[in-house]
Amino acid sequence: MSKSKRHHYIPQFLIKNFADDDGLLYVYNKQEDRIIGKKQSPKSIFFENDRNTVTFAEKFDLDNLEQLYSALDGRLAIDVRNVLKNKTVSPEELVSIALLAIMLKWRTPSSDKEFNILKEDITKEDLSIDIRLKDSAESSSQEEISHILNSDIFKETKRILLSILPLLNEDKLLDIHNNSFIYTNELFPGLIGDNPIIERCNLNYRNIENFIFPLGRYETFIYNKRDSDKGLNAFFNIQKDLAIIHLSEKYVACKSKSQLEKIVQMYNIVKQENKVNSIIPNLFKFLDM
């Protein structure tokens with residue numbers, strides 16, 4: 001079987017939720033401050049060639065990590081599709097959405113700098129996992145385990161293990177269940193960026209703070225201590241999309257060119273006024289009202 005090459009750090013099923021009826025999106029290149037003239041397909045954006053390819057034993061290029069992501073994406077896509085259809089979230093679907101959000105936190109290029117430090121320092125004990133080999137002498141077993149732990153493929157797998165870690169806390173899961181909801185606003189289509197989870201300031205990789213996670217053109221998953229979406233309006237959507245642009249390193253996409261142009265223009269004004277660092281704090285203040 002041929003090795004995959006085009007590795008999406010934003011799953012294609014999620015990108016499709018933001019596309020137009022033809023399955024296409026307009027893309028803003030933040031680094032160049034321009035909107036690409038031709039609409040793009042989900043297949044052609046938010047990817048890097050061989051991003052999840054790992055060299056094993058200094059001679060084999062493996063895409064096992066990409067295969068694992070693909071399998072997870074396929075399962076998570078089912079739950080996200082049901083949530084968008086029903087506008088409600090079951091306990092099982094809630095775990096899927098939380099896992100997807102945290103996974104994207106570590107899967108995207110914006111996390112690379114922090115992750116490249118963590119992957120060398122975090123131990124299997126930190127990740128609450130244990131590794132044992134069957135039918136092996138104790139001395140050779142320890143040597144083999146040490147080889148696994150120091151391999152590049154295991155270090156890169158820590159991206160996924162870091163995603164699971166906060167969800168091992170039952171109190172956190174209960175808190176997410178009790179303080180989350182789906183907000184729907186169909187006045188205008190929302191944006192998706194290359195760093196799509198908007199999280200309140202969090203310096204603890206074991207935890208997940210309140211977060212805002214756009215799931216589709218009009219639907220947003222919100223984990224925050226608020227009774228409901230009562231009081232949220234178009235202004236919230238604008239603030240959310242400004243945050244999406246602010247967090248993105250290179251690309252932002254939307255089904256509507258005119259809507260994308262409006263938010264980009266607003267962001268550039270905020271940037272000229274040196275107020276971009278207040279976008280996310282103000283967004284969560286708005287939720288706390």
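Okay, quick one today. Before I show the helix pair, one definition: a helix axis here is a line fitted to the C-alpha atoms over the stretch in contact, and angles run from 0 to 180 degrees between N-to-C directions. Also, keep in mind that this is a predicted model.

So, the pair. Take α3 and helix α6, which covers residues 152–164: their axes come within 8 Å and cross at roughly 140°. As for handedness, the α3 and α6 crossing is right-handed. Who actually touches whom? On the α3 side you have Leu99, Ile102, Met103, Trp106 and Arg107, and they meet Arg159, Leu162, Ser163 and Ile164 from α6. Sort the residues of that contact by class and you get six nonpolar, one polar and two charged.

Next, the sheet. There are four strands in it, it's open, the order is β3-β2-β12-β8, and the pairing is antiparallel. Which strands sit at the edges? Those are β3 (34–35) and β8 (192–193), each pairing on one side only. Helix α9, residues 257–272, packs on this sheet and touches β2, β3 and β12 (251–254). The direction of α9 makes about 20° with that of β2. If you zoom in on β2, residues 26–29, two bridges join that strand to β3, and the two run antiparallel. Within that pairing, Tyr28 stands opposite Ile35 in β3.

The largest pocket holds about 590 Å³. It's lined by 19 residues, and the closest to its centre are Lys105, Glu114, Asn195, Glu199 and Leu247. Which elements give two or more residues to that lining? They are α3 (91–107), β9 (198–199) and α8 (234–247). By class, the pocket lining has eight nonpolar, six polar and five charged residues.

At least two of the cavity-lining residues come from β11 (219–223), and at least two from α8. In class terms, the cavity lining is two nonpolar, five polar and three charged.

Key
Residues are numbered from 1 along each chain as its sequence is written. This is a predicted model: local features need pLDDT of at least 70, side-chain atom pairs count only at pLDDT 80 or more; totals for chains, interfaces and linings use all residues. Side-chain values use heavy atoms; hydrogens and water are left out. On a 1 Å grid over the protein atoms alone, a cavity is a set of points where a 1.4 Å probe fits but cannot get out, and a pocket is an open set with protein on both sides within 12 Å along at least five of seven lines; lining residues have an atom within 4 Å of a point. Grid points are joined across faces, edges and corners, and a volume is the space filled by probe spheres set on the points. Ala, Val, Leu, Ile, Met, Phe, Trp, Tyr, Cys and Pro count as nonpolar, Asp, Glu, Lys and Arg as charged, and the others, Gly among them, as polar. Two strands pair if DSSP finds at least two bridges between them. Contact means heavy atoms within 4.5 Å. A crossing is left-handed if the near helix is turned anticlockwise from the far one by less than a right angle, and right-handed if clockwise.
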